[in-house]
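Thanks for asking me to look this one over. Here are my notes, in the order in which I would go through them with you at the screen.

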Amino acid sequence: MEAGNFYTASMDVIERVIEIFPSLRNGVLVEEVTQGSSADLAGLCVDDVIIECAGKKVKSFLQFFKMIWENVGDNVNLAVVRQDSVEPIHLRMFVGEAALDQFNRWPNLRLTRPKHRQRRT
């Protein structure tokens, strides 16, 4: 799952969510859900806004990351705002450990040496 602060989302996403939940100002916007991941199995969808995790209000991505970090190996309850629902949705997600080769990894990143140009004589 990739996520970011709600207030950094595109204006069209913010406007659609605010139409249904006018008092929403904080939360974490789900930007990507990997098929078969804990987030996918819990029912999270792209453009969901996570507003509560483990019984606490979510105000920022860093706070959410800390909440998840503190609950590795456990199930956590999430309250999620979804654009097509008039009430927050309550989900339960298992927080698993990320493999070291997948943690903080940029997709399609290749580290290569710069090619030296041959001088023309």
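1. Let's begin with the rings. Searching the whole structure, which is a predicted model, turns up two aromatic pairs. In one of them, F61 and F65 have ring centres 6.4 Å apart and planes at 35 degrees, so this pair is tilted. The cut-off matters here: planes must be under 30 degrees apart to count as stacked, and over 60 to count as edge-to-face.

2. Where do F61 and F65 lie? Both are in helix α3, which covers residues 61-69, and they sit four residues apart, about one turn of the helix. F61 counts as partly exposed because its relative accessibility is 29%. F65 is partly exposed as well, with a relative accessible area of 37%.

3. The other pair joins F65 to W69: the ring centres are 6.2 Å apart and the planes meet at 25 degrees, so the pair is stacked. Along helix α3, F65 and W69 are again four residues apart, so about one helical turn separates them. W69 counts as exposed because its relative accessible area is 59%, and the cut-off for exposed is over 50%. Taken together, F61, F65 and W69 form a cluster linked by ring pairs.

4. Now for a residue in a loop. R82 is found between β5 (75-81) and β6 (89-94). Is R82 buried or exposed? It counts as buried because its relative accessibility is 19%, and the limit for buried is under 20%.

5. What does the side chain of R82 meet? It makes a polar contact with the side chain of D48, at 2.8 Å. A polar atom of the R82 side chain also lies 2.8 Å from the backbone oxygen of G43. Leaving aside residues up to four places away in sequence, R82 touches I20, F21, G43, L44, C45, D48, I89 and L91. Both G43 and D48 are therefore in that list of contacts.

6. Finally, the overall picture. The protein has three helices and six strands, and from the N terminus on the elements run β-α-β-α-β-β-α-β-β. Of its 121 residues, 32% count as buried. Among contacts with a separation of 6 or more, 52% come from residues 24 or more positions apart. The protein exposes about 9,300 Å², of which carbon and sulfur atoms supply 51%.

Definitions and conventions
Residues are numbered from 1 along each chain as its sequence is written. This is a predicted model: local features need pLDDT of at least 70, side-chain atom pairs count only at pLDDT 80 or more; totals for chains, interfaces and linings use all residues. Side-chain values use heavy atoms; hydrogens and water are left out. Helices (H or I, at least four residues) and strands (E, at least two) are DSSP runs, numbered from the N terminus. Buried means under 20% relative accessible area, exposed over 50%, partly exposed in between (1.4 Å probe, protein chains only). A polar contact is a pair of N or O atoms within 3.5 Å; within protein, one must be able to donate a hydrogen and the other to accept it, and residues adjacent in sequence count only if both atoms are side-chain atoms. Contact means heavy atoms within 4.5 Å. Rings of Phe, Tyr and Trp (its six-membered ring) pair if their centres lie within 6.5 Å; planes under 30 degrees apart count as stacked, over 60 as edge-to-face and the rest as tilted. Accessible areas come from the Shrake-Rupley method with a 1.4 Å probe; for residues, only the protein chains shown count as cover.
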